[in-house]
Amino acid sequence: MGYQIPRQKADRLFARLKQNYTIYAPKLFAGDGCFSDTDIIRYGKITDLDEIEWNRRSDYSFKEALLAINEVLFYFTEGETTVPPCPEKKLLIFLRSCDLHAVKRLDTIYLKNGAEDFYYSRLREKARFVLMGCWETCDTGFCASMDTNRSEQYDLYLKLSGSSLWADCKSEELQPYFAEAEGTVCDVQPDSVTENKEKVTLPRKLSVESFQNPIWESYGSRCIGCGRCNFVCPTCTCFTMQDILYRDNANVGERRRVWASCQVDGYTDIAGGNSFRKKQSERLRFRVMHKIYDFEKRFGFPMCVGCGRCDAICPEYISYTNIINQLAKEET
Amino acid sequence: MGLDINTKKAKKNAYRISKARGIGASRIRVPGGYLKAEILGMVQEIAEKYGNGIVHLTTRQGFEIEGIRLEDMDAINEMLQPIIELLDINQQEPGSGYPASGTRNITACIGNNVCPFANYNTSELAKRIEKAVFPNDLHFKIALTGCSNDCGKVRLHDFGIIGMTMPQYDPSRCVSCQACIKGCKSLSVNALRMENYKIIRDEEKCIGCGVCVTKCPTRALTRSKKKYYKLTLMGRAGKKNPRLGEDFLIWTDEDTIVKIILNTYRFVKAYIDPSAPGGKEHIGYIIDRVGFTEYKKWALDGVELLPETKIKDCVYWNGIHFDR
Amino acid sequence: MKNEYIPFPSQVREIIRHTDIEYTFRMSFSGSVKPGQFFEVSIPKYGEAPISVSGIGAGTVDLTIRRVGKVTAQIFERYEGSVLPMRGPYGNGFDIENYKGKELVVIAGGTGLSPVKGVVDYFCEHPEEAVSTTLIAGFKSPQDILFRQDFERWESALQVIKTVDSAPEGYRGLTGMVTKYIPDLPIVDVSNTDFITVGPPAMIRFTIMEILKRGVPEQNIWISHERKMCCGLGKCGHCKMNDTYVCLDGPVFNYAESKHLID
């Protein structure tokens with residue numbers, strides 16, 4: 001149901017939501033960018049509507065709200081393991097349409113590929129999604145090409161405009177907050193873009209032959225293997241296990257999982273010294289083919305949601321969209 | 001009528017007396033080497049109207065308009081006025097050109113307006129220092145550089161200002177990729193290591209260059225909100241004893257630097273050799289003569305250092321001695 | 001919901017020392033398990049490693065561990081009378097039924113023998129269930145030979161070629177790479193012959209080339225892949241090749257179906 005809620009009442013509504021939900025949203029972290037006097041937009045817990053960065057796409061995706069960069073799986077004490085408790089509060093996660101489509105990709109790996117993941121699952125059950133509209137396209141995104149520019153799968157749509165908060169609440173659980181908010185009932189449709197500056201055509205005739213394409217070498221020779229493309233990607237889900245021994249007490253420690261990147265050294269190293277993708281070009285091919293070919297072959301839909309973050313973050317200006325378009329062009 | 005020029009006054013007014021009789025050059029100071037492009041057009045106009053059409057880009061990031069006739073100085077000063085105003089150079093009497101030339105133009109590398117390695121806005125700080133110290137007849141050379149690469153070669157100056165950042169580490173964002181460790185090892189001083197999959201920074205070794213921050217792919221390493229500087233002292237070229245400036249303060253701030261420079265002017269006034277040729281004695285030689293301990297007393301007068309600032313008890317210079 | 005990441009404690013029942021750096025740990029385990037499957041074995045506070053099942057007994061599984069990494073080094077230090085946390089078994093493993101009534105040739109290099117040892121043991125005990133069973137096992141040097149007692153048993157029931165890459169002068173056994181012995185293998189009917197090959201990637205590659213030269217159909221060749229695996233559950237991503245997760249869909253693959261897999 002749609003509502004227009006005056007700002008003051010919206011703040012009270014937000015305060016009520018805050019009591020029962022931990023709220024994650026894109027936030028501007030001033031000065032935290034890569035370079036001096038540059039900022040970064042990434043996810044953080046928020047306590048106020050004004051903390052949300054409404055206008056620009058976040059540099060890092062929402063995924064850290066569901067998959068912590070470092071997540072403790074359990075603590076070891078002498079002969080015993082203790083699983084950290086799940087946060088009690090439910091989660092409200094603000095995200096844009098491309099990212100909402102990415103949730104389906106995370107679910108696919110963590111809930112459907114093999115056994116369900118205990119940690120993802122328990123957090124996912126508590127997660128509610130708040131769609132943020134896009135009234136104009138971002139620079140590098142190509143959601144329209146990937147058919148991810150619209151989503152109906154939201155619990156709540158919110159827009160802060162002028163002196164009002166506009167809402168479309170689909171979730172029964174959240175409905176009472178809006179019923180109490182004394183707003184005006186009206187029709188609210190999420191803002192969405194229908195066209196991007198960046199247009200991408202997915203190659204449809206890829207095969208194992210494509211692994212030999214010289215394009216991988218030409219782009220791979222430029223890649224420095226920093227992994228930024230993976231870390232900003234809303235659909236990358238890889239992790240590595242780490243066992244930690246506490247320095248002050250050798251009998252106590254923890255096992256955790258930490259985000260991993262298929263571009264960074266060590267990703268395919270096995271004990272004894274073997275490594276399966278040594279060259280950066282092989283790693284780049286692995287990533288791109290996973291996003292546009294392998295995943296789809298296994299699960300029936302492309303992995304990439306077209307958010308364009310990888311293109312925007314690459315310090316070597318390697319354009320993933322350009323690679324895809326070149327592969328598509330070769331097919332014609 | 002013979003050419004009657006007060007060369008002392010002309011030199012103070014930022015003119016050079018050239019080797020050709022009656023011909024000089026007009027020097028334009030550009031603090032931080034940072035200027036609006038329209039000034040280039042003004043320089044061109046002067047060079048074409050009063051000079052020989054040639055402009056030298058000086059070693060200190062200024063302009064030197066060659067081939068001007070010394071009797072045109074007043075007319076040139078009129079034409080310099082908009083440049084002086086655009087660059088916001090301190091001046092008592094409009095239209096009179098530059099009021100002093102002893103304290104040289106303050107130079108700076110391009111800084112964080114452009115450079116990804118720079119840790120601060122070098123031209124802004126250069127302008128702040130210029131406003132604090134100019135005009136002054138004492139021969140001071142001050143230079144700023146954005147990071148420890150020292151592209152500004154500030155260690156060849158009386159005061160060298162090197163930008164630093166204190167890396168801020170959030171272990172919860174760290175993925176143990178070691179990009180920072182590799183970057184620090186190959187590009188800087190190898191001050192990082194990994195223990196228990198997390199980064200340990202050797203605080204004694206770290207030079208605050210910021211390489212680790214630029215390498216971090218997850219924003220686990222970020223810059224300190226506070227901007228830090230290293231202040232190096234008394235580097236110089238010259239005939240007697242060319243030498244690199246030595247570290248005096250590490251992890252200091254802008255206010256401290258400005259105070260120390262102003263204190264140094266007071267020190268020089270008190271100790272300069274009145275019989276020095278042309279009344280010019282270089283600060284470095286004065287400190288050599290008076291002793292660093294005495295200089296330090298003057299330099300730190302009324303200065304409150306940040307708790308994190310590391311200060312050198314004593315500073316020793318080496319360099320090449322041609323005078324022994 | 002079950003938390004798949006939590007290991008269960010398993011008693012170290014017996015230790016069989018093969019070489020200075022390779023031991024077999026006989027662990028208590030009573031669930032169902034197939035040769036070629038693997039367990040994630042951990043030493044708390046040091047880490048986990050995927051270890052394939054090298055033998056299956058009543059209430060036990062054998063895990064042959066080579067001291068190659070941080071985790072296995074710790075296991076070697078701390079095995080005595082202790083309990084090792086493990087989780088698994090994971091992966092598909094070898095299906096014995098595939099090889100019954102066939103001429104079976106198992107070609108293994110080094111610790112690659114572990115995942116196929118269960119298959120060899122089965123046909124050693126039931127030689128009549130295969131037309132013939134041949135084992136070609138290659139090791140770096142005589143000191144590196146694994147499963148010495150088992151070889152005595154196998155040599156009495158099967159055709160066994162035990163070779164070392166290089167040996168000191170006076171060594172009386174066979175020498176040379178495993179591939180050297182493929183061209184002369186007595187094969188009656190190539191279409192009824194199955195090959196299993198496990199070992200380092202380069203060994204697998206050259207072995208398959210030799211096998212194909214014998215005219216053996218691709219679908220008669222089986223391999224087991226070793227890849228980095230942090231979870232064994234299809235989540236961590238490290239073992240993925242093309243659209244295949246080695247931990248879920250493998251580690252045992254039919255060559256005809258997996259030859260297109262590229263790291």
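Me: Is B:Glu78 buried, exposed or partly exposed, and why?
Reply: B:Glu78 counts as partly exposed because it has 14 C-beta neighbours inside 10 Å. On this scale, a residue is buried if 20 or more other C-beta atoms lie within 10 Å of its own, exposed if 12 or fewer, and partly exposed in between, with the C-beta atoms placed from the backbone.

Me: What kind of model is it, and which cut-offs apply?
Reply: The model is predicted: local features need pLDDT of at least 70 and side-chain atom pairs count only at pLDDT 80 or more, while totals for chains, interfaces and linings use all residues. Residues are numbered from 1 along each chain as its sequence is written, and chains are lettered from A and ligands numbered from 1 in the order in which they are written.

Me: Which helix holds B:Glu78?
Reply: B:Glu78 belongs to helix α3 of chain B, residues 73-86. Helices (H or I, at least four residues) and strands (E, at least two) are DSSP runs, numbered from the N terminus.

Me: How are the axes of α2(B) and α3(B) arranged?
Reply: The axis of helix α2 of chain B, residues 38-49, comes within 10 Å of that of α3(B), and the two cross at roughly 170°. Axes are lines fitted to C-alpha atoms, for helices over the stretch in contact, and angles run from 0 to 180 degrees between N-to-C directions. The two helices are therefore roughly antiparallel; that label applies to angles over 145 degrees, with under 35 counted as roughly parallel, 65 to 115 as roughly perpendicular and the rest as oblique.

Me: Which residues make that contact?
Reply: From α2(B) they are B:Ile39, B:Met42, B:Glu45 and B:Ile46, and from α3(B) they are B:Ile76, B:Met79, B:Pro82, B:Ile83 and B:Leu86. Two residues are in contact if their C-beta atoms, placed from the backbone, lie within 7 Å. By class, the contact of α2(B) with α3(B) has eight nonpolar, no polar and one charged residues. Here Ala, Val, Leu, Ile, Met, Phe, Trp, Tyr, Cys and Pro count as nonpolar, Asp, Glu, Lys and Arg as charged, and the others, Gly among them, as polar.

Me: Turning to sheets, what is the strand order in the open sheet of chain B?
Reply: Its four strands have the order β1-β2-β4-β3, with antiparallel pairing; two strands pair if DSSP finds at least two bridges between them. The edges are β1 (15-17) and β3 (55-57) of chain B, each with a single partner strand, so one side of each is left without a neighbour in the sheet. The twist averages 30° from one strand to the next.

Me: How many bridges join β2(B) and β4(B)?
Reply: Strand β2 (residues 23-28) and strand β4 (residues 63-69) of chain B pair in the antiparallel sense over five bridges. B:Ser26 stands opposite B:Ile65 in β4(B). Helix α2(B) packs on the sheet, where it touches β2, β3 and β4 of chain B, and its direction makes about 20° with that of β4(B).

Me: Next, helix α9(B): which of its residues are buried?
Reply: In α9 of chain B, residues 292-299, the buried residues are B:Phe292, B:Tyr295, B:Lys296 and B:Ala299. Seen down the helix axis, they fall within an arc of 100°, so they line one face of α9(B); the arc is that of the directions from the helix axis to the C-beta atoms. On the other side of α9(B), B:Thr293 and B:Lys297 are exposed.

Me: What do the buried residues of α9(B) pack against?
Reply: They pack against α7 (254-271) and α8 (283-290) of chain B.

Me: How many residues of chain C are in contact with chain A?
Reply: 34 residues of chain C are in contact with 37 residues of chain A. Strand β4 (residues 47-57) of chain C gives the most to the side of chain C that touches chain A, with three residues. By class, that side of chain C has 15 nonpolar, nine polar and 10 charged residues.

Me: And how many residues of chain B are in contact with chain A?
Reply: 20 residues of chain B are in contact with 21 residues of chain A. The side of chain B that touches chain A has eight nonpolar, eight polar and four charged residues.

Me: Finally, how many residues lie between β1(C) and β2(C) in their hairpin?
Reply: The hairpin of β1(C) and β2(C) has four residues between the strands. Five bridges join the two strands, which run antiparallel, and C:Glu14 has C:Arg26 as its bridge partner in β2(C).
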